[in-house]
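Colleague: I am new to this structure. Please go through the terms used for it and show what each one rests on.

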Amino acid sequence: MEEAKKPAAKGILMTEGPIARQILAFTLPLLLGNVFQQLYNTVDSVVVGNFVGKEALAAVGTTDSIINTFIGFFSGLATGSGIIISQYFGEKNEKGVHDAVHTTIALTFLMSLICTVCAILLVPAFLHMMGTPKDVFNQSAVYLRIYFAGSMGLLFYNMGAGILRAVGDSRRPLYFLIFLALLNIGLDLFFVAYLGLGVAGVACATIISQGASAILIMAALSRETESYRVIWRKVRINPVMTLKIFQIGLPSALQMAVTSFSNVFVQSYINHFGSAAMAGWSSYGKIDKFCLLPIQSISMGVTTFVGQNLGARKLDRVKRSTRVGLMICFGIALVIIIPVWLAAGSLVRLFNQSPDVLSYGTLFVRLEMPFYFALCINQIYAGTLRGVGNTKAPMVIMMSCFIVFRQVYLFSVSHITESIIWVALGYPFGWILCSLCLVLYFRHTNLEKYRVAG
């Protein structure tokens, strides 16, 4: 009697084969998924900007730094979980993968409750802190309260997608994100264009879509046959694994949350120039996020690749992946920068046709684009360091450059000049400094000593 065939594993082991091909094969679905994820966020701005007005566009756009403060914290913890899972997976330690996955799910449920309650209570304080203008304040508050009321769906989706990506499966998160984006677009148009619900409509569309995607990805993990399958009766907090997740994930979580929180103050400098500047900055921000996706996706691919190969004790492949990832990123940045710089005005026009908004948005896009090469450097080197389990160094360096330096710079230039150009340059100057610091640190680091699996 023939033995029943076991279903093929959907995870991908990256410890053998051509490095560039493996990184690209993993990254392409990840990139497409990130594009669709950003698409549904961008559609919110396009719909309110065209069907409601520039104040609504400013209200939705100005909330990004507040949302990212809370969501960024849990994304950092997801990074920690993913690094541990990828190293255990590369080591072929099934018990380690099992324990890490089930502890991650339990922590997600507990901490998403805390996030929801705290975020809703702190919404007015954040908006006042940013100096949000009166014509935008109420709409921003409505959007944020609804968004955070349904944030559990987003957090569960992000954690579930992080588990799949840690074992090399970037395809299924892509399929779920395509569904999420299409559903969100349809609901945006229905709630705003048809029912006239304004910013409340786009917030409701977002949380419904995120909730549906969370259900899909949890169902996929529950039906899995490998060691990363979620068995709900076994979901519990393992103290030892929790400690490992926080040791690796907490630095990334703090970096993402505090950096996003610091952007609340950056936004306050933009708010000083009025709602047209706010809407222009919001439009640039949505374009910028699309342009960053390939670079961030390659960085995430390098992190997973490094984690698996360090788990398998293949340090030579770890070092080579950094160089390969950097060359890929430079090539991608070159392809992005030129057409986006040339088409800046047309891209901003998608969000709003007001002459003042177009002027500000085009200025911001053309000012920031040439500095993307610096972003390539800091994203790839930080991705490698996180992959080996060293999340503290990227945290310290990035927080120093993106928070301390940037805030000192903005405070200084705001007292010297009234030009919004110098305010906007605070971002690229921080990218350059961060890249220099990470390169110097990386060259004097023994990568293998940070291995956390085992």
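Predicted model: local features only at pLDDT ≥ 70, side-chain atom pairs only at ≥ 80, totals over all residues.

Colleague: Why is Thr 242 called buried?

Modeller: Buried means under 20% relative accessible area, exposed over 50%, and partly exposed in between, with a 1.4 Å probe and protein chains only. Thr 242 has a relative accessible area of 12%, so Thr 242 is buried. Thr 242 lies in helix H9, residues 239–271 (helices are DSSP runs of H or I, at least four residues, numbered from the N terminus). Leaving aside neighbours within four places in sequence, Thr 242 is in contact (heavy atoms within 4.5 Å) with Thr 103, Leu 107 and Ile 237.

Colleague: What makes a set of residues a nonpolar core?

Modeller: The members are buried Ala, Val, Leu, Ile, Met, Phe, Trp, Tyr and Cys residues joined through side-chain atoms within 4.5 Å. The largest such core has 63 residues, and Val 365, Tyr 372, Trp 431 and Leu 438 touch the most other members. Helix H10 (residues 275–311) gives the most to this core, 14 residues. A second, separate core has 35 residues, including Ala 56 and Ala 257.

Colleague: What lines the largest pocket?

Modeller: On a 1 Å grid over the protein atoms alone, a pocket is an open set of points with protein on both sides within 12 Å along at least five of seven lines; a cavity is a set where a 1.4 Å probe fits but cannot get out; lining residues have an atom within 4 Å of a point. Among the residues lining the largest pocket are Thr 69, Phe 70, Met 111 and Ala 257. Its volume, the space filled by probe spheres set on the points, which are joined across faces, edges and corners, is about 150 Å³.

Colleague: How many cavities of 30 Å³ or more are there?

Modeller: The count comes to 3.

Conventions. Residues numbered from 1 in each chain as written. Heavy atoms only, no water. Helix = DSSP H or I, 4+ residues; strand = E, 2+ residues; numbered from the N terminus.
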